[in-house]
Amino acid sequence: MMPSRLTGLTKRMQLGRRAVIAFPLVWLTLFFLLPFALVLKISLSEAVIAIPPYGPLVEYANQTLKVVLSLGNYLFLLSDSLYVAAYWGSIKTAFISTTVCLLIGYPMAYAMARAPGRWQLILLLLVMLPSWTSFLIRVYAWMGILSNSGLINNFLMGIGLISSPLRMMNTQFAVIIGIVYAYLPFMVLPLYAHLARLDSALLEAASDLGSHKFNTFLNVTLPLSMGGIVAGSMLVFIPAVGEFVIPELLGGPNTAMIGKVLWEEFFLNRDWPVASALAMVMLLLLLMPIVWFHRYQSRELKE
Amino acid sequence: MMLLSRRPSFTTVMLILGLLFLYLPMVVLVVYSFNASRLVTVWAGFSTQWYGELFRDRQILAAVWTSLKIAFFSASMAVCLGTVAAFVMTRYGHFRGKTVLSSMVTAPLVMPEVITGLSLLLLFVQMAQLIGWPADRGVATIWIAHTTFCSAYVAVVVAARLREIDRSIEEAAMDLGSPPVKTFFLVTLPVISPALAAGWLLAFTLSLDDLVIASFVSGPGANTLPMVVFSSVRMGVSPKINALATLIILAVSLVTFLAWYLMRRGEAKRRAQLKQVDSI
């Protein structure tokens, strides 16, 4: 082959390679990364009554270029205890829900991974199937179960255990049930993936060497499934912090969660700068968990 | 001792309880969709009237159609975008921007929806100011938003498959002089097609199900099914929504069963072929 043709070919291949890389890179930069810069920008602007309802950062008038970065929105978040309470409420609720998911999900995933081979796929589909139906409708199902005239209260009053209905709807308890119910499959899936890969020879070796069942679990199974625990917990915790639908439908008006507060600032108060500042602070709080999740995921991708 | 070993283990009991926890609320939805009473919590006899009312509700029917259209086009575009992203991540060595790309592929999996929705809306507003597009938000903006977050899920599913398959087939094709593009379409794509189908279905259900992001980026013209359902359930429980839930659960169960059946048949076929090879 002539050298010039060869370099022509490699050049064309290089160009093709770049085009292939550019397609997802440009799309995601434009529609995923760039929007965050805009959120930052608008969180630093002032709210005005206009369309769109925020003021400009850069103004040019009377031969002076004015760059106004307003920190007012962030200071406003700190000054009003409503917002601090909402952040704290979200993190607390998400943390409790994640722990409950882990406590229910781990034994489930363990049993699935130990089930006979032909059962494993069926069990996996059974666990995942609810998450493929409608999220909204699954949360809605709990409204009919937990309300004052709902199934649980009707049943308990019917058998005479209680005389007046227990208040379960519009409480933090209802929000936690809703999150656990909606996100449990996302906890079980990565746990199962890790536990199924676990080499049973390791467990046999431990038991042959006289290790007690519980010690084997603590020293062999648990450390080897750590990747699944991290992935599952992050898949529940991070979206749960920003959850809107569940606190809105099950938590009632008094539940302070940040996703709901952001929604109300945006849609009801039409205060876009404060909503943006709320989003930026939420992102900052979630940055560590997101980076943790990403590290774990990219390790998975390399394997 | 015999009795002890037959007793189901703690984890098996938890698995059964966990599955009951996942399915009982859905069973309740289905049962009460056939309730004659408007009150969802009082049983007043069997009736299918709510299904009739559901099919007469023009607003819901229009929203179903809008949602199906958006989900179809979002899933199709997300499969293209996600597959290319997965291919680039697994098959190309190091390149500039790889870290950024891999972060942008995994971050949407966990990003709270309110943040994604708000940020995309601000982008569309800014774009409308700068280049005049999109003048009206609606189906097109929801399509872009859904494609973006669904492609992350597709990329994860497809990347897992790309890492699993035997790379020597692709290398053999290239060694025999097949150009990369041809190798991809004739060798790689057929092998990963089950993952593409799974990714498409996942993207389709995710798009169909999204309320928060669609609410942010939609305009007055386009109402998706979750938006209509949400404004209805906010007012309280309604038997019409139970009927809709039953139909959704039925459709998802049928598709899942079909997928399971096809997977099982594929497995059986492979085993039979292996047996044939052994007997020769």
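Q: How much of chain A counts as buried?
A: In this predicted model, 51% of the 303 residues of chain A count as buried.

Q: What's chain A built from, in terms of helices and strands?
A: Chain A has 13 helices and two strands.

Q: What does chain A span along its principal axes?
A: The C-alpha trace of chain A runs to about 85 × 80 × 35 Å.

Q: What share of chain A's contacts join residues 24 or more positions apart?
A: If you take the contacts with a separation of 6 or more, 69% of them are between residues 24 or more positions apart.

Q: Switching to records. Which parts of chain A does UniProt list as "transmembrane region"?
A: The unreviewed UniProt entry lists residues 95–113, 119–139, 174–195, 216–241 and 272–293 of chain A under that name.

Q: Take 119–139 and 174–195. How much helix is in each of those, going by the model?
A: Residues 119–139 of chain A are 90% helix and 0% strand, with the end C-alpha atoms 29 Å apart. Residues 174–195 of chain A come out at 100% helix and 0% strand, and there the end C-alpha atoms lie 31 Å apart.

Q: Which residues of chain A get a domain annotation?
A: Residues 87–293 of chain A, which the unreviewed UniProt entry annotates as "domain: ABC transmembrane type-1". In the model that span is 80% helix and 0% strand, and its end C-alpha atoms lie 21 Å apart.

Q: I'm curious about A:P53. Where is it?
A: A:P53 is in the loop between α1 (3–43) and β1 (58–61) of chain A.

Q: Buried or exposed?
A: A:P53 counts as buried, because its relative accessibility is 8% and the cut-off for buried is under 20%.

Q: What does A:P53 touch, leaving aside neighbours within four places in sequence?
A: A:P53 is in contact with A:A47, A:V48, A:R270, A:W272 and A:P273.

Q: OK, chain B. How many helices and strands there?
A: Chain B has twelve helices and zero strands. The radius of gyration of chain B is 24 Å, well over the 19 Å from the globule rule for 280 residues, so chain B is also described as more spread out than a compact globule.

Q: What box do the C-alpha atoms of chain B fill?
A: Roughly 75 × 70 × 35 Å, taken along the principal axes.

Q: And what are the burial and surface numbers for chain B?
A: Of the 280 residues of chain B, 48% count as buried. The accessible surface of chain B is about 14400 Å², and 68% of that belongs to carbon and sulfur atoms.

Q: Which chain A residues does B:V110 touch?
A: B:V110 touches A:M234, A:L235, A:I238, A:P239, A:I290 and A:F293. B:V110 is in helix α5 of chain B, and at 1% relative accessibility B:V110 counts as buried.

Q: What about B:G97, where does that one sit?
A: B:G97 is in the loop between α4 (58–91) and α5 (98–110) of chain B. B:G97 counts as partly exposed, at 27% relative accessibility. Its C-alpha atom is separated by 45 Å from that of B:L244, which is 147 residues apart from B:G97 along the chain.

Q: Last one, B:T224. Which loop is it in, and what does it touch?
A: B:T224 is in the loop between α10 (212–217) and α11 (225–233) of chain B. Not counting residues up to four places away in sequence, B:T224 touches B:A63, B:S67, B:I70, B:I142, B:D210 and B:A214. B:T224 counts as buried, with 3% relative accessibility.

Notes:
Residues numbered from 1 in each chain as written. Chains lettered and ligands numbered in written order. Predicted model: local features only at pLDDT ≥ 70, side-chain atom pairs only at ≥ 80, totals over all residues. Heavy atoms only, no water. Helix = DSSP H or I, 4+ residues; strand = E, 2+ residues; numbered from the N terminus. Buried < 20%, exposed > 50% of the residue type's maximum accessible area, 1.4 Å probe, protein only. Contact = heavy atoms within 4.5 Å. UniProt positions renumbered as here; feature names shortened; annotations may be inferred. Rg over C-alpha atoms; globule rule 2.2 N^0.38 Å. Areas by Shrake-Rupley, 256 points an atom, 1.4 Å probe, with all protein chains shown as cover.
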